[in-house]
Amino acid sequence: MKFFTLSSVFFILLFTQAKGQDKSQKFDKVVPADFVLPASAAIDSNTNAVILADYGITTFKGNTKGWLSYVFKRKTRILVSSKKAFDLATVKVRLYKDGDDKEKMDGLSATTYNLENGAVVVTKMEKSDLFSEQIDKNYLEQKFTLPAVKENSIIEYTYTITSDFTFNIPEWEFQNRNYPCLWSEYEVVIPSLLNYVFTKTGVHSFFIDKGSEGHENYAVRRQHDIGLTSNEESLSVSAMTVKHRWVMKDVPAFSVENYLFTAENYLDKIGFQLAQTYDGESYHDVRNSWRKLNEELLHEQQFAAFMSDDQNGWWLDNPIESIIGNEAGQLAQAKSVYYYITNNFTCTNHHSKYIKTTLQDVYKTKKGNVGEINLLLTQMLRRKNIKASP
């Protein structure tokens with residue numbers, strides 16, 4: 001895995017050459033010929049659906065809080081060739097929230113195309129078919145299902161996410177876990193006010209990998225409270241930008257090998273971690289070291305804050321005594337607690353590290369995500385003064 005900061009890769013971005021012809025995949029009007037799959041090494045006889053094109057772009061704009069917001073736009077077109085792939089017709093978009101501040105999704109458009117008697121029949125999704133579900137304290141899920149989907153349908157959807165959480169810009173997966181993709185493209189235009197670390201995983205090479213430098217003006221507004229009055233100040237912030245465009249084509253579905261647990265660590269994708277901000281006068285580091293990230297996680301209420309309060313797990317003392325029985329040594333006690341959790345708890349999600357409810361709820365219901373179960377084990381061991389860390 002290679003890491004690059006924007007400040008150190010300007011030269012690389014500007015002079016990287018595209019591999020192959022530099023052209024965009026167009027979302028032209030759907031015609032009967034589009035229902036016939038083109039020849040591609042990524043498609044085989046077991047293919048139940050093909051992602052014809054997947055395009056995303058992240059840009060930035062000024063907001064009313066004196067800073068920047070990111071704007072992420074996505075457009076996807078898929079040919080569903082078998083009912084085994086009807087799950088693709090239901091799309092879930094996860095949005096982040098923190099208190100009253102939350103990401104917003106708009107510009108949603110979803111359409112199904114069917115070929116009937118040689119003519120393309122268009123069915124658009126109604127706005128009433130969009131549903132929202134609160135996942136946990138920090139995440140809201142927007143879900144919609146495209147209508148009139150049957151075998152050999154083409155589905156297409158587009159949406160926009162606007163967010164003030166610049167630390168949370170979307171990663172991009174060029175490769176799908178189950179279906180091949182003929183064209184996957186992601187573009188970012190990042191102002192020099194923000195410095196990100198890029199992370200690249202996967203084994204396939206880019207068809208296009210190009211960077212350029214530019215310039216943007218951002219209209220920023222902010223409130224000044226003076227006594228009982230409030231004044232709004234408008235600013236035009238000028239900044240250099242780095243624009244980068246990545247494309248992969250004919251990407252096969254991800255093949256899960258035996259004993260491979262965390263498939264997402266091997267998919268072709270690009271992620272972004274905010275490392276530094278610049279306010280026009282000085283730079284501010286943001287989680288740019290393992291030490292800083294470690295400190296934040298250990299004080300995170302939904303992760304390991306219980307470790308700093310010896311009274312936090314008092315409710316576990318009596319159950320633990322019942323679990324360990326007459327075992328005297330720490331190793332024997334640790335084994336008793338470990339096997340109790342192993343044999344009595346159900347893991348509901350293997351990819352989350354945070355406490356979504358409370359550890360008391362996890363213990364009471366005997367189920368939780370992998371993070372909750374492991375943190376409960378950690379807390380139970382620590383109640384017996386057995387050294388344990390997340």
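These legends walk you through the whole predicted model and then several close-up views of it.

Because this is a predicted model, local features need pLDDT of at least 70 and side-chain atom pairs count only at pLDDT 80 or more, while totals for chains, interfaces and linings use all residues. Residues are numbered from 1 along each chain as its sequence is written, and side-chain values use heavy atoms, with hydrogens and water left out.

**View 1. The whole protein, for orientation.**
Here you have six helices and 19 strands; helices (H or I, at least four residues) and strands (E, at least two) are DSSP runs, numbered from the N terminus. The C-alpha trace spans about 75 × 60 × 45 Å along its principal axes. Of the 390 residues, 41% are buried, where buried means under 20% relative accessible area, exposed means over 50%, and partly exposed is in between (1.4 Å probe, protein chains only). The protein exposes about 22,200 Å², with carbon and sulfur atoms supplying 49% of that area; accessible areas come from the Shrake-Rupley method with a 1.4 Å probe, and for residues only the protein chains shown count as cover. Look at contacts (heavy atoms within 4.5 Å): among those between residues at least 6 apart in sequence, 73% join residues at least 24 apart.

Confidence comes as pLDDT, the predictor's score for each residue from 0 to 100. The protein has a mean pLDDT of 87, and 90% of its residues reach 70 or more. Residues 1-23 stay under 50, and the model has 53 contacts for them beyond four places in sequence. Where pLDDT is low, the predicted coordinates should not be read in detail.

Strand β6 (residues 104-116) pairs with strand β7 (residues 119-124) in the antiparallel sense, over six bridges; strands pair if DSSP finds at least two bridges between them. Find Thr 111 and you'll see Lys 124 of β7 standing opposite. The hairpin has two residues between the strands. Asn 117 sits in that loop and has a positive phi of about 55° although it is not a glycine. Asn 117 is also exposed, with a relative accessible area of 86%.

**View 2. Two residues of strand β15.**
His 244 belongs to strand β15 (residues 229-251). Its relative accessible area is 3%, so His 244 is buried. The side chains of His 244 and Asp 209 are joined by a polar contact of 2.6 Å; a polar contact is a pair of N or O atoms within 3.5 Å, and within protein one must be able to donate a hydrogen and the other to accept it, with residues adjacent in sequence counting only if both atoms are side-chain atoms. With a relative accessible area of 33%, Asp 250 is partly exposed.

**View 3. Thr 277 and its neighbours.**
Thr 277 is part of strand β16 (residues 269-278) and is buried, at 16% relative accessible area. Leaving out residues up to four places away in sequence, Thr 277 touches several others, including Trp 67, Leu 193, Tyr 283 and His 284.

Cys 181 is buried, with a relative accessible area of 2%, whereas Cys 347 counts as partly exposed at 27%. Counting a disulfide as a pair of cysteine sulfur atoms within 2.5 Å, the model has zero disulfides.
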